[in-house]
Protein chains: 2
Amino acid sequence: MNAKTIKDVAKAANVSYSTVSRAVNNRPGVKEATRRRVLEIAAALEYRPHGPARSLVNRKTHTIGLIIPDITNPFFPELAREIEERAQASEYSLMLCNTGWDEAKERSFIALLTERRVDGIIIAPSAHSAEQLDRVLARINLPVVYVSHAPRGTRRPYVVMDDELGGSLAAEHLLAQGVRSIGFIGATDESVSIEGRLTGFRQACNRRRFPAECRVVVLEKLRGISGYEVVQRLLDEGRCPEALFCENDILALGVIEGARERGMRVPDDLLVIGFDDIPFARFQSFSLSTVAQPKREMGRLAFDLLLAEMEPPTEADGPEPARNGSDQPAAAAPAGRAQGAREGARSAAARHPHAEHQIVLKPQLVTRRTSVKIETTDARRVNRARTE
Amino acid sequence: MNAKTIKDVAKAANVSYSTVSRAVNNRPGVKEATRRRVLEIAAALEYRPHGPARSLVNRKTHTIGLIIPDITNPFFPELAREIEERAQASEYSLMLCNTGWDEAKERSFIALLTERRVDGIIIAPSAHSAEQLDRVLARINLPVVYVSHAPRGTRRPYVVMDDELGGSLAAEHLLAQGVRSIGFIGATDESVSIEGRLTGFRQACNRRRFPAECRVVVLEKLRGISGYEVVQRLLDEGRCPEALFCENDILALGVIEGARERGMRVPDDLLVIGFDDIPFARFQSFSLSTVAQPKREMGRLAFDLLLAEMEPPTEADGPEPARNGSDQPAAAAPAGRAQGAREGARSAAARHPHAEHQIVLKPQLVTRRTSVKIETTDARRVNRARTE
DNA sequence: ATGAAAGCGCTAACAA
DNA sequence: TTGTTAGCGCTTTCAT
């Protein structure tokens, strides 16, 4: 009684079912009158094409997988929403995979998505063993784009931030407040991004010739441990520095929380700066200084890169009539909307190493209250000057 | 060169492909030795069953759709994570659909998911015209569970909160602080839940014989307008009450923000209470009083309900050996973890009206700082006594 | 225990 | 313009 098929429609319309198929898919070669009649009948019967059957013959599911570590960290919903929106605009659905920072889950999701025959995957890897991930992915022959962070040295496309620069900006800023000790909090074993942030932090310290003994670096596995606990432990151990750079905003908020719990005032007794610029950071109540990531842009670019892989632009797409040089990058203006991304007709694999597919976004320091020693009106300067 | 099929495996293993199918699916009727050999070869070839093809014959995609209004409101990621986790445990994938409170999008997602032949849908409807939604859904013959809010009078299963009680609790609490004017902020046209919260608010006011002229109710379409703006407008118009009940936490945080912008102190000059208890509410920096929703439980129950619809418990599931009466509910314990809600073996459609499928969770008042007039130690009493 | 064959709903040659 | 037919990769009778 349920689920009409193309045959039901064909029977009702007194045509062959290939005609129905043509009509439904807006293919040429059907008399306009016939098409209308078929479509009418299809509607009346509430006919719905059978996606999986289509996928079987088209070898295309119009679905992409999105693998992220933690949807409850506000950074990722921002990313996810943008990607979802873009995907929808290009007729793709999104399969959401939340790993909870579990590498095993991550791999099993990849396997799952492969079986489901998604057309591509966008992944914000949670694993440190990223090179290994890259190898896992290499064996499935699927367009993949890294977002947020990428395995070092991967040849795949990605959209990430300049984490070193970001870390550097944060540290510079804290040091500029004249603190005599400084700390970094983050689980560097979790991702290369975090490592990068630490590297930037160290570089800045070195540049300023900031003595190593005045630096505290907390690297422990933070999974399940919050900034709230970390700062309290530092306090307990009597080695809490005057300023803390936290690898992400949630961590930073936890730190502030924990510090206040112990009667410390932020920024008076402790300077704090985070990373990401989640929407909550800007609230006056927190007014958290942070290094902003352009999440929307990141999401948008990630999807565009994936789309370019999934639907390789044909020669016809570009207006330029001839190739200019055989091995020249050929001025690839990255993806207009869906179409646009012009490039050579080389195989997807061969394209990867090109710079246009490995995008590094610039971070932006956002100075709010938690990181500024003396409260001046100037402190809020950057507060509203946000990009997004 | 890619994507091995069952035939490749069959050829390599020198068996018919039906044997491979049996082996891969752990079906009986294959010699153990054969099975092992086949499995080995399959692994060596990196054979991956083709999901869509399977779906075509099995008439099951092992995918569910999750339709929510706004993934960037922290309430929904909490819900989504729980659902995703449960789904994963039961071998279901999640298709994420973010409507942005757009009813048209909502409907088109439903159509899309239907075409994709998902096995079921969990939807947190954004539409006010919920009855209409119910009718839309009625025409697709698919298990659907409402979560967070449900159309009034629907016969479908749902998991919601007792919004009236929640609204009532919030209002009672504010009134108990001895305020002389009080306000409600929320777009009641957005969902029945919000209406319910307003109703509860009004009931509480009436119960206390609180004069109507001392109540302010802001009902405008809030889409795109934040609490930040609303409170400032109230201030401008000189009709800002002493206490504000905001229909959700994000709204409440915006209100606090806006009030502070105007130099008001919360709670000294303005009491504020929210709804949802998003993770950020508990942060000392906000310390937002709110009415807590049990998001995890909501998500869990919603999935369990859906699962029960998708995989109707068979007679065999229950331990009771015989039917007691022909038309009696016949206490069949539904699917494993989804225990509890027992029901008869009638068709899914016939089951809906049963109370066990329409779950109303109790809200819990969480009193933090933003709603308490005089700062006593007592004020933080409930602060940590949270369920989740 | 294994194989042969039909068919899930659809698209795309190829014929007519 | 329309119909016929052959698969897409898989599961499942039904034979063997």
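Which of the 30 residues around DNA strand C come nearest? I found Ile6(A), Tyr47(A), Ser16(B), Arg22(B) and Arg59(B). I count a residue as near a molecule or strand if one of its heavy atoms lies within 4 Å of it. Of the atoms of DNA strand C that come within 4 Å of the protein, 68% belong to sugar and phosphate.

Some housekeeping before I go on. This is a predicted model, where local features need pLDDT of at least 70 and side-chain atom pairs count only at pLDDT 80 or more, while totals for chains, interfaces and linings use all residues. Residues are numbered from 1 along each chain as its sequence is written, chains are lettered from A and ligands numbered from 1 in the order in which they are written, and side-chain values use heavy atoms, with hydrogens and water left out.

**Contacts with the DNA**

I looked up polar contacts next (pairs of N or O atoms within 3.5 Å; within protein, one must be able to donate a hydrogen and the other to accept it, and residues adjacent in sequence count only if both atoms are side-chain atoms). Tyr47(A) has a side-chain N or O atom 2.6 Å from a phosphate oxygen of DNA strand C. For Ala53(A), I noted a backbone N or O atom 3.5 Å from a base nitrogen of DNA strand C.

**Who supplies the surface**

Helices (H or I, at least four residues) and strands (E, at least two) are DSSP runs, numbered from the N terminus. Which helix gives the most? H4(A) does, with five residues.

I spotted a cis peptide bond from Val266(A) to Pro267(A), with omega near 10 degrees. Pro267(A) sits in the loop between helix H11 (249–261) and strand S9 (271–276) of chain A. In chain B, Val266(B) and Pro267(B) are also joined by a cis peptide bond, with omega about 10 degrees.

Then I checked phi. Glu46(A), which is not glycine, has a positive phi near 55 degrees. Is Asp276(B) buried or exposed? Asp276(B) is buried (under 20% relative accessible area; exposed is over 50%, partly exposed in between, with a 1.4 Å probe and protein chains only), at 4%.
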